[in-house]
Every structure is written in C-alpha cells, then in structure tokens.
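Grab a pencil and let's work through a few exercises together. Try each task yourself before you read its solution.

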Amino acid sequence: MPVDTDARLQEWERRAQPYLFIASILFLASYTVRVLTPDLSPGWYALWETVMIVSWGVFVAEYLARLAFSRDRWHFVRTRWLDLIVTVLPLLRPLRMIDLHERMQLRRDRPGLVLEARVMMYSGLAALLLGYAASLAVYHDERSAPDANIRTFGDAVWWAASTLTTTGYGDATPVTPRGRVIAVGLMFAGVALVGAVVGSFSSYLMRRFRQEGER
C-alpha cells in the first residue's frame with residue numbers, strides 16, 4: 001500500500017508539471033500587465049485579475065492534492081517546505097529550481113556533462129525569472145514611494161541584477177518595508193542560484209582538466 005501511495009504521488013507530480021508550467025506563465029504575465037500597465041480599463045483589469053487568481057488557485061489545488069496523496073503528510077510538509085513557500089508566494093516559484101538542482105546532484109555520484117549543463121541552465125533561468133519577478137514587485141511598491149530612487153522599471157531591473165550578483169552598487173535601493181524584505185530574499189536567492197551556476201561550471205572545468213591530465 002505505501003508503494004502504491006508513493007507511485008500515485010510520483011505519477012501526479014509528473015502529470016501536473018505541464019499544467020503548473022502554464023499556470024506559472026499566466027500568473028507572471030498577469031502580474032506583469034497589472035504592474036507595467038496601471039491605466040488598464042476596468043474590464044481588462046478584471047480579466048487579468050481573474051487570470052492571476054485562477055492561476056494561484058491551480059498552485060494551491062496542486063499542492064493540496066500532493067499533500068493528500070502523501071503517506072506521511074507532516075513529513076511531506078517538513079521535507080517539501082520550499083513547495084509550500086512558492087505556493088503561498090507564487091512570485092517565488094523560480095526557487096523550485098534549487099530543489100531540482102539538489103535532486104539532480106543526488107541522482108548521480110559523478111555528474112556528467114549533460115547533468116552539469118542542465119544544472120547551469122535551470123539555475124540560470126531561475127535566477128533570470130526570479131530577478132524579473134523581484135523587479136516587478138519592487139517597482140510596484142517603490143515607484144510612488146516618497147524619497148524612492150527606483151522610479152522606472154529599468155531602475156528596478158538594474159537593482160535586481162546588481163543584487164542577484166551580490167555586486168550591490170548602492171545607486172538604486174528600496175526604501176519601502178516590503179521592498180527591503182524582497183531585497184533580503186533576493187540576496188539569499190542570488191547566492192544560492194548564482195552559486196549553483198558557478199559551482200557546476202567549476203566542476204565541469206575540474207573534470208576536464210583531470211581528464212586531460214590522465215591522458
């Protein structure tokens with residue numbers, strides 16, 4: 001019976017991935033339109049608001065379904081804490097790439113070139129998406145805040161790029177409480193995601209140098 005439960009959970013996760021991908025795109029698109037086009041007509045605003053709510057509902061329903069399929073629900077919540085976070089805060093969904101990176105690293109003791117390339121691709125894509133989402137969220141809060149120096153979406157993108165790479169020029173900084181919370185989260189995520197890319201690339205170079213030395 002436990003085997004059947006685990007198999008059902010794995011099958012559900014496999015089948016749900018395409019729908020979650022579509023829902024993630026729709027959620028990000030709706031949030032983008034609402035932030036970058038503040039003068040939407042009431043009809044279009046309601047449409048994109050509905051798209052965002054329905055997409056969020058898909059995330060919640062999928063998480064609850066996996067929770068129902070799991071044999072030990074408390075263990076599921078404790079070990080899949082990242083899934084719970086990105087369900088509550090959908091703009092953080094790119095962080096699931098970190099979990100994917102960890103699973104791929106555990107799958108093989110000596111990762112091959114294909115695996116290293118996949119880790120770099122997934123982590124790099126996650127960093128880009130997370131930076132974009134953070135830019136939207138910060139721009140939404142900062143553009144009308146007193147004494148803010150992030151006034152355009154370009155300013156927000158520049159801030160996100162310097163924060164993700166831990167450069168921190170300091171010429172663009174959030175001044176609102178929520179903007180600063182987003183900044184702290186992006187700093188930690190940047191270390192993890194950029195570190196995964198650099199670490200995988202370094203691993204690839206070391207392996208190639210070792211192979212050349214053995215020849």
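**Exercise 1. What share of the 215 residues of the protein chain counts as buried?**

Step 1: we need a cut-off. Buried means under 20% relative accessible area, exposed means over 50%, and partly exposed is in between (1.4 Å probe, protein chains only).
Step 2: apply that rule to the 215 residues, and 37% of them count as buried.
Step 3: know what you're looking at. This is a predicted model, where local features need pLDDT of at least 70 and side-chain atom pairs count only at pLDDT 80 or more, while totals for chains, interfaces and linings use all residues. Residues are numbered from 1 along each chain as its sequence is written, and side-chain values use heavy atoms, with hydrogens and water left out.

**Exercise 2. How many helices and how many strands are there in the protein chain?**

Step 1: helices (H or I, at least four residues) and strands (E, at least two) are DSSP runs, numbered from the N terminus.
Step 2: counting them gives eight helices and zero strands.
Step 3: written in sequence order, the pattern is α-α-α-α-α-α-α-α.

**Exercise 3. Work out how helix 2 and helix 4 are arranged.**

Step 1: two packed helices are described by the angle between their axes and the distance between the axes.
Step 2: axes are lines fitted to C-alpha atoms, for helices over the stretch in contact, and angles run from 0 to 180 degrees between N-to-C directions. For helix 2 (residues 42–69) and helix 4 (residues 81–88), the axes come within 9 Å and cross at roughly 155°.
Step 3: name the angle. Under 35 degrees counts as roughly parallel, over 145 as roughly antiparallel, 65 to 115 as roughly perpendicular and the rest as oblique. Helix 2 and helix 4 are therefore roughly antiparallel to each other.
Step 4: find who touches whom, with contact meaning heavy atoms within 4.5 Å. Helix 2 brings Trp56, Phe59, Val60, Tyr63 and Arg66, and helix 4 brings Asp83, Leu84, Thr87 and Val88.
Step 5: sort these by class. Ala, Val, Leu, Ile, Met, Phe, Trp, Tyr, Cys and Pro count as nonpolar, Asp, Glu, Lys and Arg as charged, and the others, Gly among them, as polar. The contact then has six nonpolar, one polar and two charged residues.

**Exercise 4. Classify the ring pair of Tyr63 and Phe76.**

Step 1: rings of Phe, Tyr and Trp (its six-membered ring) pair if their centres lie within 6.5 Å; planes under 30 degrees apart count as stacked, over 60 as edge-to-face and the rest as tilted. That rule gives a count of six aromatic pairs.
Step 2: for Tyr63 and Phe76, the ring centres are 5.7 Å apart and the planes are at 50°, so the pair is tilted.
Step 3: check accessibility. Tyr63 is buried at 5%, and Phe76 is buried too, at 4%.
Step 4: look for a cluster, and you'll find one formed by Phe27, Trp56 and Phe59.

**Exercise 5. How far apart are the C-alpha atoms of Gly124 and Leu193?**

Step 1: start at Gly124, which lies in helix 6 (residues 113–142) and is partly exposed at 24% relative accessibility.
Step 2: Leu193 is 69 residues away along the chain, yet the two C-alpha atoms are separated by 7.0 Å.
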